[in-house]
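Hello,

Here is the structure I promised to pass on.

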Amino acid sequence: MSDIAATPADRLSPPLPANPAAKAVTLHFADNMLLPLLLGDHDRHLVRLEQGLGVRLSCRGNRVAIAGEPARVEAAQLALTGLWRRLERGEAIGQGDVDAAIRLSDFDDPRLPLSDAPAIRTKRGAVGPRSPGQAAYMEALARAEMTFGLGPAGTGKTYLAVAQAVAMLQAGKVDRIVLSRPAVEAGERLGFLPGDLKEKVDPYLRPLYDALGDMMPAEQVVRRMGTGEIEVAPLAFMRGRTLAHAFVILDEAQNTTPVQMKMFLTRMGEGTRMAINGDLTQVDLPAGARSGLRDALDTLEGVAGIAVCRFDKRDVVRHPLVARIVDAYDQRAAAERDTRRSRAPADGAHVAAK
């Protein structure tokens, strides 16, 4: 790091905690023009890093001092260095980028150095991971012919899959993109909705349109859809087709039946990549119906050429409250499972006594 130097604690460092194992390091940043962007307005980025990583940070001149437990100090160094590299490349950083740096430098799960995080490059710019789970998912999308992405809302499953699809289309590695999801009814029947078939199913496909709009100009999306380079269709339209030299994404896959899932997976042709995304805690199928996503995982996990990536609440990149909501639901579900298990032996003993 020619323009960032790390030194042991000096007189600028904040007071060390009582913990005798605590560590202090001072980072020296060479470019005083970029440093205010790293710190944020009123040092808000430093404050967020302090809160997220559990360290003490202070800045004077072109030096930032870090103090805390050794693992947390190292995580803060990784986060600050990764954010600085982004600024050097001319990229802006905001609150979301700071939160991403915290997640990627998480001292409890250091899966990937922030500076080595993968990126999906489109003509609208680079799309980088904002959590360790996203980094693993992006690597799988680039490597595997078929990738399953499992996890709660807000983890970026659809967004990153569309980004990889657009990048491969623009690089000429695939000839087209096919985006699909099951049109599962939720309180309303499709026949009661106004409009023709396209207008009936478009509301179900809106998240895919939104992700496409972030990756390329709107007029290019419209033009490519007109030429067939981008196709957005309900899952039912996939039957009987063979999709070659395409990047195919199935969203909301938890709402497929086993028959539908097998039909979709066997559409794969030469030179095709597939991404299948879903959340097994959000199944909208009729009561008692088995999810095709669950069935596919039970059948296919471990098969060569297939990658399975699992996200959790730590990978939620929406508002921080979303992660807490996901966590609360997970805790309730775990408590309900424990209650059912604890009741099962008692019920069985009662029946046996009779």
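This is a predicted model: local features need pLDDT of at least 70, side-chain atom pairs count only at pLDDT 80 or more; totals for chains, interfaces and linings use all residues.

Residues are numbered from 1 along each chain as its sequence is written, and side-chain values use heavy atoms, with hydrogens and water left out.

The sheet is open and has six strands in the order β9-β8-β10-β11-β7-β12, paired in parallel (strands are DSSP runs of E with at least two residues, helices runs of H or I with at least four, numbered from the N terminus; two strands pair if DSSP finds at least two bridges between them). At the edges stand β9 (230-234) and β12 (306-310), each with a single partner strand, so one side of each has no neighbour in the sheet. From one strand to the next, the twist averages 15°. Strands β8 (residues 176-181) and β10 (residues 246-250) are joined by five parallel bridges, and Arg176 has Ala246 as its bridge partner in β10.

Helix α9 (residues 258-265) lies across β7, β10 and β11, at about 155° to β11 (angles run from 0 to 180 degrees between N-to-C directions, with axes fitted to C-alpha atoms, for helices over the stretch in contact; contact means heavy atoms within 4.5 Å).

The whole structure holds 18 salt bridges (a side-chain nitrogen of Lys or Arg within 4 Å of a carboxyl oxygen of Asp or Glu). In one of them, Asp99 meets Arg48 with the closest N and O atoms 2.7 Å apart. Asp99 is in helix α4 and Arg48 in helix α2, 51 residues apart. Asp99 is buried at 15% relative accessible area, whereas Arg48 is partly exposed at 24% (buried is under 20%, exposed over 50%, partly exposed in between, with a 1.4 Å probe and protein chains only). Asp251 and Arg181 also form a salt bridge, 3.8 Å from N to O. Asp251 lies in the loop between β10 and α9 and Arg181 in β8, so this pair ties together parts 70 residues apart in sequence.

Finally, Leu321, Ile325 and Tyr329 make a nonpolar surface patch with about 300 Å² of accessible area together (patch residues have over 30% relative accessible area and no salt bridge, and nonpolar side chains are joined within 5 Å; areas come from the Shrake-Rupley method with a 1.4 Å probe). Tyr329 sits in helix α11 and is exposed at 52%.

Best wishes

Notes:
Patches are made of residues with over 30% relative accessible area and no salt bridge: like charges are joined within 9 Å, nonpolar side chains (Val, Leu, Ile, Met, Phe, Trp, Tyr) within 5 Å.
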